[in-house]
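Biologist: Show me the model, please, and then let's go through the labels one at a time. I want to hear what stands behind each of them.

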Amino acid sequence: MARSNEPAFWSLFSAGGMVAAFLFPAAIFITAYMVPAGKIEADNLRMVMSHPISRLLLVAMISLPLFHWAHRFRFVLVDLGIKGFKLPIAILFYGTAVGSTICAAYLLLV
Amino acid sequence: MATTDTQSSTKTMKLEVFRFLPDEGEPPSFQVYEVPYRDDWVVLDALNYIKDEIDGTLSYRWSCRMGVCGSCGMMVNGEPKLTCSAFLRDYYPQQIKVEPLSYFPVIRDLIINMDHFIDKMGEVKTWLIPAEDKPIEDGEYLQTPAQLAKYKQFTMCINCMLCYSACPVFGQNPDFIGPAAIALGQRYNLDSRDGGADERADVLFSDEGIWECTFVGECSEVCPKNVDPAGAIQMAKVTATNDWFKSFLMPGGRKKSGGNK
Amino acid sequence: MDNDSSTPTAAGPVPAKQHIRKMPVNWWLKKPAYLRYMVREITCLFVGGYAMFLLMLAARLDKPEAFETLLASPLAIGLQWVALPFAIYHSVTWFNLTPKVLVIWRGEDKLPGFLIAGAHYAGWLAVSAGLVYFAMSGGTDG
């Protein structure tokens, strides 16, 4: 048996899980409650999010949780008994995460 | 059914037992037996009563009757249990369903085929591989209490396989090395006297090893000895990940794999 | 539940017919702990979904009107309200499991798990408050 390259994906999964666990409930609270309820002006939030530090944070908040999703959902399918198509599923899921990361980096940092 | 105990003969309990007799050519079925209820009886006592007094064809494994040998693991009402530690009083007056440990192939009645599990322990090398060979006259390998503490919990495993029957990942993939074998691998990897971590890593850190685990965590919940295989596997993932990144930072440094002793 | 097979093994006699039990597709409904696990795993859909929403917001950073329209969209708000409990469940289950992954030894004793999980919870509270404060700080107020 050969040692797996899973550590690469597991690290991204863990980092994404950490980012989502710490930031997402509060972020959803802001975008789904505080802005619609008028506690924060949408345009103010847009300006806060345009700050260079926010842009870096946003790239992390988009990229890493998507790797978290890709990794976890790949195993959810196995849990549900879908054992075939392992490689295409992995390419599709991680590919989505990679593609979104490139999009986010282009939109926010370039 | 002769019993001299007048009090207990008044109360009875029903056991619904999984039967599979390969030589009869019949599909598996359930058979209900009525046994005396005694509040100091465990499920194993009831099975022994059935075997002695009602139906001698019922087959199951047991040995020590005191939660040490790990032979009598079965599904009791769908939960993996040592039947010597599962008291009838915790189920009375409901009927108890007894089945062979989940996910393993069944050889006969409540007896599962454990060959694959034994093979896995061999693959993982769940024994001490000395870090340094020294002649007996040079004395013992010394170890501090702090070094012992690192792996002691994992030495408590009695190979009862309840953890495998609680593990849906093993249910989906019988080739998964599984909770107990990985925990035992960690038991030696974390032992300061052991030098076999690198040999074990080829199996433990493979796709059929720790990376199949999705941390359901039920292995640790059902373990009768508090071994915490789920914890052992997550710690191994951290070690494997550190090793993996190190192997990129310093090519050739991969052979330096090790547990965090 | 009803297909038998014979598997010869390397050592010992070839066993008689063995009974192989199939794992039911709905195994995760058979035990509350399994259901909790499945819900924990399914949170990834909402985590990933919200990340995609953030990407959509990022694409509208230079278009004030589109940015505001997206945030005001009833569909987006509704989906986020569905996602919120799952996101919180993800956080709680994630922090509860940190002591298993992060094991810190002090001599012969492990640092108690509740301290490690507790530190994460404290950090979560601080980070959440910080994020809300940060979001409120911008714009016209300075």
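Modeller: Let's start in S4(B), where Pro80(B) is the bridge partner of Met75(B). Keep in mind that this is a predicted model, where local features need pLDDT of at least 70 and side-chain atom pairs count only at pLDDT 80 or more, while totals for chains, interfaces and linings use all residues. Residues are numbered from 1 along each chain as its sequence is written, chains are lettered from A and ligands numbered from 1 in the order in which they are written, and side-chain values use heavy atoms, with hydrogens and water left out.

Biologist: What makes S3(B) and S4(B) a pair?

Modeller: Two strands (E runs in DSSP of at least two residues, numbered from the N terminus) pair if DSSP finds at least two bridges between them. S3(B) and S4(B), residues 79-82, are joined by four bridges and run antiparallel, so they meet that definition. In their hairpin, which has two residues between the strands, Asn77(B) takes a positive phi near 50°.

Biologist: How do you know that S3(B) pairs with S5(B) too?

Modeller: DSSP gives two bridges, antiparallel, between S3(B) (residues 73-76) and S5(B), and the cut-off is at least two, so the pair counts. Val76(B) has Val98(B) as its bridge partner in S5(B). S5(B), residues 96-99, also pairs with S1(B), residues 12-19, this time parallel and over three bridges. There Leu15(B) stands opposite Ile96(B).

Biologist: Which way do the residues of S3(B) point, and are they buried or exposed?

Modeller: Gly73(B) and Met75(B) point one way, Met74(B) and Val76(B) the other, and all are buried. Buried means under 20% relative accessible area, exposed over 50%, and partly exposed in between (1.4 Å probe, protein chains only).

Biologist: Why is Leu107(A) called partly exposed?

Modeller: Leu107(A) has 31% relative accessibility, so it falls in the partly exposed class. This residue lies in H4(A), residues 86-109; a helix is a DSSP run of H or I with at least four residues.

Biologist: And what does Leu107(A) touch?

Modeller: Not counting residues up to four places away in sequence, Leu107(A) touches Arg55(A), Leu55(C), Ala58(C) and Ala59(C). Contact here means heavy atoms within 4.5 Å. Arg55(A) is 52 residues away along the chain, with 9.2 Å between the two C-alpha atoms.

Biologist: Why is chain A called more spread out than a compact globule?

Modeller: Chain A has four helices and zero strands. Its radius of gyration is 17 Å, well over the 13 Å that the globule rule gives for 110 residues, so it is more spread out than a compact globule. The radius is taken over C-alpha atoms, and the rule is 2.2 Å times the number of residues to the power 0.38. Those C-alpha atoms fill a box of roughly 55 × 30 × 20 Å along the principal axes. Even so, 56% of the 110 residues of chain A count as buried.
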